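Okay, thanks for making time, everyone. Let me put this one up on the screen and then talk you through it.

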4 protein chains.
Amino acid sequence: MKTLNEYPAHVRQSVELTRRRVSELHAELPRWGLVVWTAGNVSERVVVDPDGDPSAADLFVIKPSGVSYDELSPEAMVVCDIKGNLVDGTRKPSSDTAAHAYVYEHMPEIGGVVHTHSSYACAWAARGEEIPCGLTMMADEFGGPVPVGPFAVIGDDSIGRGIVETLRDSRSPAVLMKNHGPFTVGRTGRSAVKAAVMVEEVARAMHLARELGEEQPIPQEKIDHLYNRYQNVYGQ
Amino acid sequence: MKTLNEYPAHVRQSVELTRRRVSELHAELPRWGLVVWTAGNVSERVVVDPDGDPSAADLFVIKPSGVSYDELSPEAMVVCDIKGNLVDGTRKPSSDTAAHAYVYEHMPEIGGVVHTHSSYACAWAARGEEIPCGLTMMADEFGGPVPVGPFAVIGDDSIGRGIVETLRDSRSPAVLMKNHGPFTVGRTGRSAVKAAVMVEEVARAMHLARELGEEQPIPQEKIDHLYNRYQNVYGQ
Amino acid sequence: MKTLNEYPAHVRQSVELTRRRVSELHAELPRWGLVVWTAGNVSERVVVDPDGDPSAADLFVIKPSGVSYDELSPEAMVVCDIKGNLVDGTRKPSSDTAAHAYVYEHMPEIGGVVHTHSSYACAWAARGEEIPCGLTMMADEFGGPVPVGPFAVIGDDSIGRGIVETLRDSRSPAVLMKNHGPFTVGRTGRSAVKAAVMVEEVARAMHLARELGEEQPIPQEKIDHLYNRYQNVYGQ
Amino acid sequence: MKTLNEYPAHVRQSVELTRRRVSELHAELPRWGLVVWTAGNVSERVVVDPDGDPSAADLFVIKPSGVSYDELSPEAMVVCDIKGNLVDGTRKPSSDTAAHAYVYEHMPEIGGVVHTHSSYACAWAARGEEIPCGLTMMADEFGGPVPVGPFAVIGDDSIGRGIVETLRDSRSPAVLMKNHGPFTVGRTGRSAVKAAVMVEEVARAMHLARELGEEQPIPQEKIDHLYNRYQNVYGQ
């Protein structure tokens, strides 16, 4: 296993930029009420050449385990390789590191992973129920329901496998791991964080809708239309 | 299509003031918990001569598409004409611009439009259910229930039409577009923002009331009395 | 009707201190999430000689109507006499001034009144249901259930009368006016604000308790014990 | 009863450090929305020699009664002995001091105690219902359901006894005292505060889960596995 000093200078530079971004992205989790205490984590793949193979360096940056959101800084972030081994950092990586690593290894198009215990998403996860697609903002971002992944506990690669197998069959960038909570993915750390914010938002709105009755169904072709437009036209 | 430089100086001055107001009004949306991430938008009509025809210039200012609430500034706001065409600005206008434009074109008395995905309002919208008028603050501001508009998707003028046709039959400055969320209008951008804050407030209180039973009905003549007083006497 | 300048100097001094306190107490309403936009109001009786008759001057200080919580200052507060007439101030008093005045006139032991539209309290008020006493913190502060007052609309003294008649039969410093919302009273403005914070807190906790079943009843003698201890021993 | 000046210098030094920590830990209660107004309290045992008997000095530091979270400072904290008698401080100790003292006297391994009236935990407490273990984060922190303690009122040692007797039969660091609210314990004040944050988090997520159905059960051996890993491996 190589240490960070054995990597070429341009990789080390990219690691520094990723450390800064991952540190800043963590601030979004308490900001949007997705985490309490030290729960939750964001990781981002180290991209060496944006025009080349995005997984060239096979490294990612992640939060250290059990550290307060007040103590986060670029230096506190830790660097792991795609097998989840610690490559650089003075602290132990997040206890969810193996799940993040599995996603990076098996989904080369993915550049960011986020895990939270946000309350409404956890409620659907505790029941093992997918979130139905009853709002246009959900069609935009998720392209349909938010699916449920299997029950899996820390200790082997079963969480990572559950995430990858569930997301492969879905347009959704979010999966609700049963009795656990949401994992989200994206092309970048920022888009994975956005999906984490949005999955709680739609989990909450659809929970509230269901409390007093049933949502009106949205025809599948409208969901497809909205999803395709949003993925291709929205934003700058 | 004219560029902003082709408009007379007094129009350009009014555009600058409107840009500042619209930028500041956007801060109210996250402040009152109505939006997450980049969702939601406020627009205001450019008023050229407050004593004359308020739609003289046929311009309005709106938020750019998919931009964070941290990056908003008067300069970032974009200017569109009443057909929704970009007149000035370095960014793409909000993807809801066509709906705002339609309202300005067909409701000349309206000077401000707001759209959010606030959670409780979205829950009523997902069920396609109007918010019943069970609180005096609702009679004050909405003069009755908050009505539901048709299901419509982005791509033509069907959202704008749905808003205008629903609001024309109602005293309410807010409409819940089915499976989508609230749109609110007002004489100014500020009053449309107030309606967006209030529609979530009453959506929440009436949701909570219904969770444990039925509200006591308010007699129609009391609703009329409260609405007329509030519209004519309240405030400075 | 006298203007403030016609009152003796020690009354004018007391008015200034009350203005400052009332202005500062308003900041507690948005802080604890009890109000949105310009809703809600706090008033406090002007106490001339704390050892003598607390209503000697028959004046109270209240929020101006429809003014934002960002614009509040001691100078913006307005002074009214016990009939609700404006005695000093550059703005129109709160549209709830008549209700506050009625309470000061008919409950001489009361030195502060607060009105909000806090969501959970409004939900019980919309159903016209008292909040049952299922938590020791409720026994402490309210000495039993929070009672419901009659439906009454602005325009005469019916809101004030409804508050006074309901509170006279109860140990509670809070009343839920039907289809309207909570009014609270206290020996000072600060204690009335505390009651406004606490009534929303217990309205919320008891709402959540009822959502999934029934609370365990607390025996009446325990409620009496807790209420008597808290009113006489708690605090400094 | 000794005054603080009669204790040796190293005890007085430890008291000062504990005062600072307890003052800072109180800021976490409003930060995570666990308390309103002056409710809630944190205490920590004064540890004289961390390698020796942690209860050597038999002192603990706690919040004064009925004081606002804005006025807390190391100096405002009060020092009590293990019988709950005031040893140092200019203010009356929290009205829950006797319960904290009882825990320190009967659970020598405990170094911190927290009490709040957080809303979702209070809702389960009002019904006298334990929080079922339906999420992995709950298995991690609580090792099973959060148990309910007996109904007990202030005045003798019945609250303290109820806490101790309930926690002795459970892996949970939190107990929901019936019709009252949560008490949590920990090896330090900080870990007791963490348990107070987490008990509200799981009370909320499981409340939401139950609102729309039943949670999927987690097999007992998985709960055991998660609890053992988290207690021994998580964090730095």
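This is a predicted model: local features need pLDDT of at least 70, side-chain atom pairs count only at pLDDT 80 or more; totals for chains, interfaces and linings use all residues.

Now, do chains C and D use the same or different surfaces to meet? Different ones, because only 3% of the interface residues of chain D are also interface residues in chain C.

Let's look at another interface, the one between chains A and B. Here 32 residues of chain B are in contact with 35 residues of chain A. Together the two chains bury about 3000 Å², and 59% of that is on carbon and sulfur atoms.

Arg31(A) forms a salt bridge with Asp70(B), and the closest N and O atoms are 2.9 Å apart.

In chain A, Arg210(A) pairs with Glu215(A), closest N and O atoms 2.8 Å apart. Arg210(A) is partly exposed, at 23% relative accessible area, whereas Glu215(A) is at 14% and counts as buried, because the cut-off for buried is under 20%. Also in chain A, Glu16(A), Arg19(A) and Asp88(A) are linked in a network of salt bridges.

Over in chain C, Arg161(C) forms a salt bridge with Asp157(C), with 3.3 Å between the closest N and O atoms. Both ends are partly exposed: Arg161(C) has 34% relative accessibility, and Asp157(C) has a relative accessible area of 37%.

And in chain D, find Arg171(D) and Asp224(D), whose closest N and O atoms are 2.7 Å apart in another salt bridge. This pair links distant parts of the chain, 53 residues apart: Arg171(D) is in the loop between helix 6 (158-168) and strand 7 (174-177), and Asp224(D) is in helix 8 (residues 220-233). Arg171(D) is partly exposed at 33%, and Asp224(D) is partly exposed at 26%.

On to the rings. There are 4 aromatic pairs over all chains. One of them is Phe60(A) with Tyr104(A): the centres are 4.9 Å apart and the planes sit at 35°, so we call the pair tilted. Phe60(A) belongs to strand 2 (residues 59-62) and Tyr104(A) to helix 3 (residues 97-106), so the pair ties together parts of chain A that are 44 residues apart in sequence. Phe60(A) and Tyr104(A) are buried.

In chain D, Phe60(D) and Tyr104(D) make a tilted pair too, again 4.9 Å centre to centre and 35° between the planes. Phe60(D) is buried, with a relative accessible area of 1%, and Tyr104(D) is buried at 1% as well.

Last stop: where does Arg127(C) lie? Over the face of Trp124(C), at 4.8 Å from the ring centre. In chain D, Arg127(D) lies over the face of Trp124(D), also at 4.8 Å.

Methods:
Residues are numbered from 1 along each chain as its sequence is written. Chains are lettered from A and ligands numbered from 1 in the order in which they are written. Side-chain values use heavy atoms; hydrogens and water are left out. Rings of Phe, Tyr and Trp (its six-membered ring) pair if their centres lie within 6.5 Å; planes under 30 degrees apart count as stacked, over 60 as edge-to-face and the rest as tilted. Helices (H or I, at least four residues) and strands (E, at least two) are DSSP runs, numbered from the N terminus. Buried means under 20% relative accessible area, exposed over 50%, partly exposed in between (1.4 Å probe, protein chains only). A charge sits over a ring if NZ of Lys or CZ of Arg is within 6 Å of the ring centre and within 35 degrees of the ring normal. Contact means heavy atoms within 4.5 Å. Buried area is the accessible area (1.4 Å probe) that two parts lose on being put together, summed over both. A salt bridge is a side-chain nitrogen of Lys or Arg within 4 Å of a carboxyl oxygen of Asp or Glu.
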